[in-house]
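Please read them alongside the coordinates.

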Amino acid sequence: MTKTNQPITLSAKEAAQLREGFKYCPRCRTEMVDREAFGRVRRVCPACNFIQFIDPKVGASVLAERDGQVLLVKRKMDPARGSWCLPGGFMEMSETPQESAARECREETGLEVEITRLIDVYYYQDYRGSGVSIIYKGHVVGGALQPGDDVTAARFFGPDELPENIVFKSNLQALAGWRTGEI
Ligand SMILES: [Zn+2]
């Protein structure tokens with residue numbers, strides 16, 4: 001019997017593999033080949049000419065304030081398990097990046113945020129491939145602080161008590177700007 005409601009947790013390596021080229025064509029199931037198409041070598045189906053375009057993933061995070069403090073979460077998953085970062089995650093289809101950032105914050109911390117402005121758009125490249133990270137500023141407008149399933153802790157930090165193990169260049173840049181009052 002197949003358990004369909006069992007959560008599936010991919011390792012970071014497995015998640016990265018999903019960003020690699022298809023072995024078989026998703027349209028006609030023919031084995032794909034590497035071939036130049038639109039200016040670079042891509043996975044192409046020799047039977048139906050389906051071309052796989054591998055796009056960067058887009059993530060959205062929020063630097064959420066409450067009473068002069070910033071909300072951080074401690075990561076339960078790789079990359080950088082055990083480090084702190086801004087609440088955030090990958091965008092889902094049919095939601096705006098602002099909605100993604102607010103949803104991820106709700107899921108990871110139990111808190112509702114109002115997004116107030118864009119801080120910056122960052123590009124990164126790691127073992128998962130290329131990605132774009134959008135960081136917003138916001139403030140907490142409701143909810144109750146409760147760490148979600150995909151983090152091990154969620155708490156507020158004042159500008160002079162930020163933890164040492166904060167991860168992601170984008171998060172560090174945004175928090176540095178926040179500490180000096182530029183953001
Ligand atoms: Zn095909």
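1. Val 62, leaving aside neighbours within four places in sequence, is in contact with Leu 86, Pro 87, Gly 88, Ala 101, Ala 102, Cys 105, Val 113, Ile 115, Tyr 136 and Gly 138. Contact here means that the C-beta atoms of two residues, placed from the backbone, lie within 7 Å.

2. On provenance: this is a predicted model, in which local features need pLDDT of at least 70 and side-chain atom pairs count only at pLDDT 80 or more, while totals for chains, interfaces and linings use all residues. Numbering starts from 1 along each chain as its sequence is written.

3. Val 62 also belongs to the largest nonpolar core, where Val 62, Leu 63 and Ala 64 touch the most other members out of 26 residues. Such a core is a set of buried Ala, Val, Leu, Ile, Met, Phe, Trp, Tyr and Cys residues joined through C-beta atoms within 7 Å. The elements that give two or more residues to this core are β4 (57–66), β5 (69–75), β6 (84–85), α2 (97–109), β8 (111–126), β9 (129–143) and α3 (169–179).

4. Buried residues make up 24% of the 183 residues in the protein. A residue counts as buried if 20 or more other C-beta atoms lie within 10 Å of its own, as exposed if 12 or fewer do, and as partly exposed in between, with C-beta atoms placed from the backbone.

5. The protein has three helices and 10 strands. These are DSSP runs numbered from the N terminus: helices are H or I of at least four residues, strands E of at least two.

6. The domain assignment gives domain 1 (14–52) and domain 2 (57–179); such bounds come from an automatic or database assignment. Taken over C-alpha atoms, the centres of the two domains are 33 Å apart.

7. Three strands form an open antiparallel sheet in the order β1-β2-β3. Its edge strands, β1 and β3, each pair on one side only. Pairing requires at least two bridges found by DSSP between two strands.

8. Strands β1 (residues 33–37) and β2 (residues 40–44) are joined by five bridges, and Ala 37 has Arg 40 as its bridge partner. Two residues lie between these strands in the hairpin, where Phe 38 in the turn has a positive phi of about 50°.

9. Two bridges join β2 to β3 (residues 51–52). Val 44 stands opposite Ile 51, and Arg 43 has Gln 52 as its bridge partner. This hairpin has six residues between the strands, and Asn 49 takes a positive phi near 65°.
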